[in-house]
Amino acid sequence: MLLLAKSTGLIITFCIVGVIIIVALIFLLVYLNLLKKKRKIENDASSYYLKIIEAMGGIDNILQVSAHYSRLSFVLNDKKLIDESLIEGIGVIKTSQKIILVVGEKALEFEKAILKEKEK
């Protein structure tokens with residue numbers, strides 16, 4: 001009887017350790033997946049400004065660009081050249097003088113990249 005109690009305790013201990021290992025592996029896989037997604041988002045963001053330029057009708061159509069918090073303001077040569085399908089998923093504000101895109105926290109980074117592209 002005493003031997004059975006000891007072996008049962010040992011089995012329970014192994015089960016608990018096994019469950020802990022499985023949970024740790026699951027957390028590790030989830031963490032690695034989140035890191036992978038974050039890197040992909042960062043890579044997409046670094047070239048996203050090119051899509052913005054294309055959506056605004058090309059670099060030659062952009063007269064001015066400026067960042068304000070989470071928004072990019074554009075003054076364009078011809079507003080008819082805007083490709084609405086490329087900016088469909090983000091906030092767009094059109095005024096008589098400007099086009100404002102709500103692009104998030106990377107607005108300043110995008111502004112710098114677009115201005116650098118204009119200098120070429």
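Two strands count as paired if DSSP finds at least two bridges between them. In this predicted model, six bridges join β1 to β2, and the two strands run antiparallel. Together β1 and β2 form a hairpin with two residues between them. The protein as a whole has two helices and four strands, arranged from the N terminus in the order α-β-β-β-β-α.

**Overall make-up**

- Of the 120 residues of the protein, 21% count as buried.
- The protein exposes about 9,000 Å², and carbon and sulfur atoms supply 65% of this area.
- Among contacts between residues at least 6 apart in sequence, 57% join residues at least 24 apart.

**The hairpin of β1 and β2**

- Within the turn of the hairpin, Tyr69 has a positive phi of about 55 degrees.
- Ser73 is found in strand β2, which covers residues 71-76, and Ser66 stands opposite Ser73.
- Ser73 has a relative accessible area of 6%; Ser73 is therefore classed as buried, since the cut-off for that class is under 20%.
- When its neighbours within four places in sequence are left aside, Ser73 is in contact with Gln64, Val65, Ser66, His68, Lys98, Ile99 and Ile100.

**The nonpolar core**

- In soluble globular proteins, nonpolar side chains tend to be buried together.
- The largest nonpolar core of this model has 19 residues, and those with the most contacts inside it are Ile52, Met56, Ile62, Leu72, Phe74, Leu101 and Ile114.
- The elements that give two or more residues to this core are α1, β1 (62-68), β2, β4 (99-102) and α2 (107-119).
- Ile52 lies in helix α1 and counts as buried because its relative accessibility is 2%, where buried means under 20%.
- Leaving aside neighbours within four places in sequence, Ile52 is in contact with Leu72, Phe74, Leu101, Val103, Phe110 and Ile114.
- Ile52 and Ile114 are 62 residues apart along the chain, yet their C-alpha atoms are separated by 8.7 Å.
- Met56, with neighbours within four places in sequence again left aside, has contacts that include Asn61, Ile62, Phe74, Leu76 and Leu81. Ile82, Ile87, Ile99 and Leu101 are also in contact with Met56.

- Val17, Ile21, Leu25, Leu28, Leu29, Tyr31 and Leu32 make a nonpolar surface patch of about 690 Å².
- One of these residues, Ile21, lies in helix α1, which spans residues 2-55.
- Ile21 is partly exposed because its relative accessible area of 47% falls between the 20% and 50% limits of that class.

**Salt bridges**

- The count of salt bridges comes to two.
- Lys94 forms a salt bridge with Glu84, and the closest N and O atoms of this pair are 2.3 Å apart.
- This pair links distant parts of the chain: Lys94 is in strand β3 (residues 91-94) and Glu84 is in the loop between β2 and β3, with 10 residues separating their positions.
- Lys94 counts as partly exposed at 48% relative accessibility, and Glu84 is partly exposed with a relative accessible area of 40%.
- Glu109 forms a salt bridge with Lys106, where the closest N and O atoms are 3.5 Å apart.
- Glu109 is partly exposed, with a relative accessible area of 40%, and Lys106 is partly exposed, with a relative accessible area of 26%.

Notes:
Residues are numbered from 1 along each chain as its sequence is written. This is a predicted model: local features need pLDDT of at least 70, side-chain atom pairs count only at pLDDT 80 or more; totals for chains, interfaces and linings use all residues. Side-chain values use heavy atoms; hydrogens and water are left out. Buried means under 20% relative accessible area, exposed over 50%, partly exposed in between (1.4 Å probe, protein chains only). Contact means heavy atoms within 4.5 Å. Patches are made of residues with over 30% relative accessible area and no salt bridge: like charges are joined within 9 Å, nonpolar side chains (Val, Leu, Ile, Met, Phe, Trp, Tyr) within 5 Å. Accessible areas come from the Shrake-Rupley method with a 1.4 Å probe; for residues, only the protein chains shown count as cover. A salt bridge is a side-chain nitrogen of Lys or Arg within 4 Å of a carboxyl oxygen of Asp or Glu. A nonpolar core is a set of buried Ala, Val, Leu, Ile, Met, Phe, Trp, Tyr and Cys residues joined through side-chain atoms within 4.5 Å.
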